[in-house]
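Please keep the sequence and the model in view while reading.

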Amino acid sequence: MNQHNYVAIMAGGIGSRFWPMSRTNYPKQFLDILNTGKTLIQWTYERYADFIPVENIFVVTSEEYAGIVAEQLPNLPVANILGEPSRKNTAPCIAYISFKLMQKDPKASLIIAPADHLILDKIAFKKVCLEALSFVNKHNALITLGIQPTHPNTGYGYIQFEQHAVSDNVFKVKTFTEKPNLELAKTFLASGDFLWNAGIFVWQVKNIITAFEQYLPEMHEVFAAEKDKFNTPGEKKALEEIYPQCTNISIDFGIMEKANNVYIIPSSFGWSDLGTWNSAYDNFEKDYLENAVAGNNVVVIDATKCMVHVPDDKLVLLQGLDDFIVVDTDDVLLICRKNKEQEIKEYVAEVRRKKGEKYL
């Protein structure tokens with residue numbers, strides 16, 4: 001294992017589209033959404049521990065989740081659990097780990113990884129990550145992993161790439177498109193030069209810091225002003241100074257869509273971003289009526305293509321529903337058409353308006 005290779009697992013989101021299982025105080029990355037016996041962050045950690053030294057694995061999360069991370073990842077050094085004082089999207093999160101590592105190891109190369117993605121083929125994934133690390137160690141490049149699309153999904157971002165490779169399986173990026181409509185997604189699929197944006201990035205730390213300086217100069221300035229405090233007892237206080245001054249912006253919008261040294265590796269390793277109940281449904285075993293059922297006491301009568309997630313100790317009888325999401329927790333029951341799942345965020349906002357924060 002290369003001692004200069006690092007991974008930062010981003011685990012600060014609240015996963016509102018997986019409500020009511022995912023709650024503000026215990027979001028989806030800490031849940032066993034797919035009924036596998038492990039949570040999403042546990043799977044993610046194990047995937048990287050296979051080829052990154054454990055002491056080089058960091059988790060960047062919200063301060064309030066640091067205890068949950070420590071509980072779920074007992075082998076991870078506690079010092080590697082980094083708590084953000086507030087949620088400001090992915091750019092400040094990445095700036096934080098980048099400046100911290102630059103102080104610790106100026107030769108660091110870094111994989112940025114969401115905590116809540118599903119990757120089925122660990123061997124293929126490891127191969128692509130090592131290819132990406134090898135490329136960025138030789139070039140001033142910001143790499144993103146692109147997924148070969150299997151259908152015209154309107155919930156993912158798309159990346160267009162140039163057709164001639166600059167190195168084995170590495171291509172220059174032409175354009176980014178956020179969540180297109182169905183017609184545009186079909187066009188992208190037919191063209192053959194678009195990939196899904198997996199949100200997994202690889203670069204040398206010094207090169208992403210240069211990109212911050214060029215494309216997000218105000219953010220670069222506030223982190224650079226406090227950089228000497230990183231890896232010291234003053235780090236927490238420094239973050240409390242820095243974060244209120246940071247814009248709420250994604251790394252895609254802030255840097256990747258603007259930089260001219262962005263490259264992509266087309267990949268196939270059984271990826272899903274597990275952003276919605278439908279994506280969970282796609283990755284569940286189904287019964288003969290195409291129902292995906294998590295729960296030991298579910299009786300299904302004349303129901304098809306439903307996503308059902310209920311407690312093992314509750315008897316649930318489902319009759320006459322087609323294409324529904326049914327999720328039951330201690331205090332909330334959700335029954336929602338599968339084709340309305342993108343609106344679950346809006347329904348949660350409605351619950352907040354009518355019932356306050358109690359059920360969120």
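Q: Which residue in β9 is the bridge partner of I147?
A: In this predicted model, strand β6, which covers residues 142-147, runs antiparallel to β9, and 4 bridges join the two strands. I147 belongs to that stretch, and its bridge partner in β9 is W196.

Q: Which residue of β9 does I111 stand opposite?
A: Strand β4, made of residues 109-114, is joined to β9 by 4 bridges, and these two strands run antiparallel. Within this pairing, the residue of β9 that stands opposite I111 is V202.

Q: What is the bridge partner of Q160 in β9?
A: Strand β7 spans residues 158-161 and is joined to β9 by 3 bridges in an antiparallel arrangement. Q160 has as its bridge partner in β9 the residue F194.

Q: How many of the residues of strand β9 are buried?
A: A residue is called buried when its relative accessible area is under 20%. Strand β9 runs over residues 194-204, and it is largely enclosed by the rest of the structure, because the buried residues number 11 of the 11.

Q: Within what arc do the buried residues of α4 fall, seen down its axis?
A: The buried residues of helix α4 are F125, V128, C129, A132, L133, F135 and V136. They line one face of the helix, because, seen down the axis of α4, they fall within an arc of 160°.

Q: Which residue caps the N-terminal end of α4?
A: Helix α4 comprises residues 122-136. At its N-terminal end, a side-chain oxygen lies 3.3 Å from the backbone nitrogen of I123, and the capping residue that supplies this oxygen is D121.

Methods
Residues are numbered from 1 along each chain as its sequence is written. This is a predicted model: local features need pLDDT of at least 70, side-chain atom pairs count only at pLDDT 80 or more; totals for chains, interfaces and linings use all residues. Side-chain values use heavy atoms; hydrogens and water are left out. Buried means under 20% relative accessible area, exposed over 50%, partly exposed in between (1.4 Å probe, protein chains only). Two strands pair if DSSP finds at least two bridges between them. The expected span of a helix is 1.5 Å times one less than its number of residues. The arc is that of the directions from the helix axis to the C-beta atoms. A polar contact is a pair of N or O atoms within 3.5 Å; within protein, one must be able to donate a hydrogen and the other to accept it, and residues adjacent in sequence count only if both atoms are side-chain atoms.
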